[in-house]
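Visitor: I have a structure open here and would like to talk it through with you. Could you take me from the overall fold down to individual side chains?
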Amino acid sequence: MHFHHHGYVSADPRIQAAQGCGVDRPEELPDEVDVLIVGTGPAGMIAAAQLSQFPEVNTRIIERRPGRLEIGQADGIQARSVETFQAFGFAEEIIREGYHITEMAFWNPDPENPENIIRTGRPKDDETGISEFPHLIVNQARVLDYFAQFALQSPGRIRPDYGIEFVDLTVEEAATDPAHPVRVTVRHTAGNRSGQERTIRAGYVVGCDGARSQVRKSIGRSMFGDQANHAWGVMDVLSNTDFPDIRTKCAIASKHGNILLIPREGGHLFRMYVDLGEVPAEASRTVRRTSIEEIIARANEILTPYSLDVREVCWHSVYEVGHRLTNAFDDTDEDDPDSPTPRVFIAGDACHTHSAKAGQGMNVSMQDGFNLAWKLGQVVTGRSSDELLRTYSLERRVTAKNLIDFDKEWSTLMATPQEELADKDYLEQFYVKTAEFPAGFMTEYTESMITASTAHQQLATGFPVGKRFKSARVNRLCDAYPLHLGHQATADGRWRIYVFADSARPTSDTGSADSQVARLAGWLESDPRSPLVAYRRPGDDLDALIELSVVYQQAHTEFTFPEVPEVFRPHVGKLRLEYLEKIYATLPADDIFTARGISRDGAVVVVRPDQYVSGVFPLSAHDEIGDFFAGVFVP
């Protein structure tokens, strides 16, 4: 953690000094805001947390409930989400708190006594080491709490405005205030002003208000897709049982139906998705009135010869599987490049819905919010043109479509009797072979203004352009501390440039004929087209917009920091202290160049604020790097 650069700190270093709109932040929702987020679900809260790192942006988040969420309906936390939590500073806490999924047990009818179930497989959850982070189960409410804490401790000091609901909006093309053209009607739902409506003006609106989104309706977007007409009862319960895998994630298939069992954090609680069977369209309303007693009885029937003795029901519901998607995630016309850039966005369940079986709802929603928020921050602060905002819908709709396609197959398999499968082990095989997708690592953004071509991909094959930056271990030079390179990138809205050095010995001579890294350093530090020069504002630290790191092929015992170009050890903060912690060496037994397929001739890897690789370039491609950033930022 980086602090003391503005002077000695003895208090909690996670609490950053208030800046901009975070200073004397009004208690009441003001009449004018730059960004209005509607809904404090996963998409909304991560967006607020990210925008809290842009204190110049006046961001507010409203929620119709009178207070925080207490019972979350989502609980699965995939490894990609834990990776994201690392950037927001609370991965360690949530890892301690959560239930860890290490394997999944598969139960099927006993061939010798089909009325009973037996365990037929228990594959590891991550057989191939997809991520260094675990697969967790954590109450959604706790995840939202952590994001709320981050937002409140950040310079923007964002906290939810509870008891206010969204009613409607209008985007005024000829607004008297062009920076705030969205006219939003909201209504108080709690307190002395309950029932009162008011109008506020916003620059941008982000609808994170769920599957029945009013924001979506206000911009004329509709959900398209289908209902699977298959009902499931879901319950969080505290129970005694003789079922031996009650504390293991299970897919249970019996003659009487199917169960997906998810142990919960805390040692006693577990969730069951209980198969209620096919539902004719005319019986949809009836099945939703299925009592908890009926769900428990059905679960006991499916678990034969085992049984549940339910002592407390913490939450339950009945739902039918649906796979639905909006035609776009914003209010602009994607088919018309001359249409106005978007002002209103939708995220999470407001634009895509699917079953809970793959555990993706909260995870994908958070990546929606993360993707959009840093882009809004850059646009509102004048760092990028508003054309950047078109990339949100283009990127995230493809991801949502891929998720729905995956979930259709998974949820169908979960509801299919074993005797109807091509192979009795087919469900288990599907779970293993598709592990990377539900872990959150198959998202791959295509070429755009923020994603370069793959022309130089061979220089770093382990960092695919468009996919998330997969961390690997390095050795920090200044203190010989081995760590994960990707874990050092915080969700502060900055871009990252990782310079992987050629084999030349480190030198601070930026005119060196032997070192490509030294020549790149000289260009980065002083050339007018360098992204560190062209977009740096007066008074900014060198790394205020783009954090620069260098990884040398040599061991940490073979060179010292004064031998490294000064651009990699910038002077920061009001005391202008030299920052030494972004210079790395390789670990002899765990060489990042080998682990990530990085050329020994070196490479430059550019990573955007939400941790996705934007480009791979040769060390000598100064003009190409300059051209790329010229498409991202405005001078």
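Predicted model: local features only at pLDDT ≥ 70, side-chain atom pairs only at ≥ 80, totals over all residues.

Visitor: Fine, whole chain to begin with. How many helices and strands does the chain have?
Guide: The chain contains 14 helices and 27 strands, and its C-alpha atoms fill a box of roughly 80 × 60 × 50 Å along the principal axes.

Visitor: And what about the radius of gyration, against that of a compact globule?
Guide: The chain has a radius of gyration of 26 Å, which agrees with the value near 26 Å for a compact globule of 635 residues.

Visitor: What share of the residues is buried?
Guide: Buried residues account for 59% of the 635 in the chain. The accessible surface comes to about 25600 Å², and 48% of that belongs to carbon and sulfur atoms.

Visitor: Let's look at α11. Which of its residues are buried?
Guide: In helix α11, residues 516–526, the buried residues are Val517, Ala518, Leu520, Ala521, Gly522, Trp523 and Leu524. The elements that cover these buried residues include the strands β21 (495–500), β22 (546–551) and β26 (603–607), along with the helices α12 (531–534) and α14 (622–630).

Visitor: What happens at the start of α11?
Guide: There, a side-chain oxygen of serine 515 comes to within 3.4 Å of the backbone nitrogen of valine 517.

Visitor: Switching to charges, how many salt bridges does the structure hold?
Guide: The structure holds 47 salt bridges. One of them pairs arginine 122 with glutamate 103, with the closest N and O atoms 3.0 Å apart. Arginine 122 sits in the loop between β6 (113–121) and β7 (135–137), while glutamate 103 sits in the loop between β4 (99–101) and β5 (104–110), so this pair ties together parts that are 19 residues apart in sequence.

Visitor: Are those two partners buried or exposed?
Guide: Glutamate 103 counts as buried because its relative accessibility is 14%, whereas arginine 122, at 40%, counts as partly exposed.

Visitor: What does glutamate 172 pair with?
Guide: Glutamate 172 meets arginine 201 in a salt bridge, at 2.7 Å from N to O. Since glutamate 172 is in the loop between β9 (164–171) and β10 (182–188) and arginine 201 is in strand β11 (residues 197–207), the pair ties together parts that are 29 residues apart in sequence. Glutamate 172 itself is partly exposed, with a relative accessible area of 27%.

Visitor: And arginine 187, which residue is its partner?
Guide: Arginine 187 forms a salt bridge with glutamate 197, the closest N and O atoms being 2.8 Å apart. Arginine 187 belongs to strand β10 and glutamate 197 to strand β11, so the bridge ties together parts that are ten residues apart in sequence. Arginine 187 counts as partly exposed at 26% relative accessibility, and glutamate 197 is also partly exposed, at 47%.

Visitor: Now arginine 80. Is it buried or exposed?
Guide: Arginine 80 counts as buried, at 2% relative accessibility, and its place is in helix α2, residues 79–87. Its side chain makes a polar contact of 2.7 Å with the side chain of glutamate 83 and another, of 3.4 Å, with that of glutamine 367.

Visitor: Last one, threonine 391. Where is it found, and what does it touch?
Guide: Threonine 391 is found in helix α9, residues 390–415, and is buried, with a relative accessible area of 7%. Leaving aside residues up to four places away in sequence, threonine 391 touches Lys375, Met449 and Ile450. With lysine 375 there is a side-chain to side-chain polar contact of 2.8 Å from threonine 391.

Notes:
Residues numbered from 1 in each chain as written. Heavy atoms only, no water. Helix = DSSP H or I, 4+ residues; strand = E, 2+ residues; numbered from the N terminus. Buried < 20%, exposed > 50% of the residue type's maximum accessible area, 1.4 Å probe, protein only. Polar contact = N/O pair within 3.5 Å; in protein donor to acceptor, adjacent residues only side chain to side chain. Contact = heavy atoms within 4.5 Å. Rg over C-alpha atoms; globule rule 2.2 N^0.38 Å. Areas by Shrake-Rupley, 256 points an atom, 1.4 Å probe, with all protein chains shown as cover. Salt bridge = Lys/Arg side-chain N within 4 Å of Asp/Glu carboxyl O.
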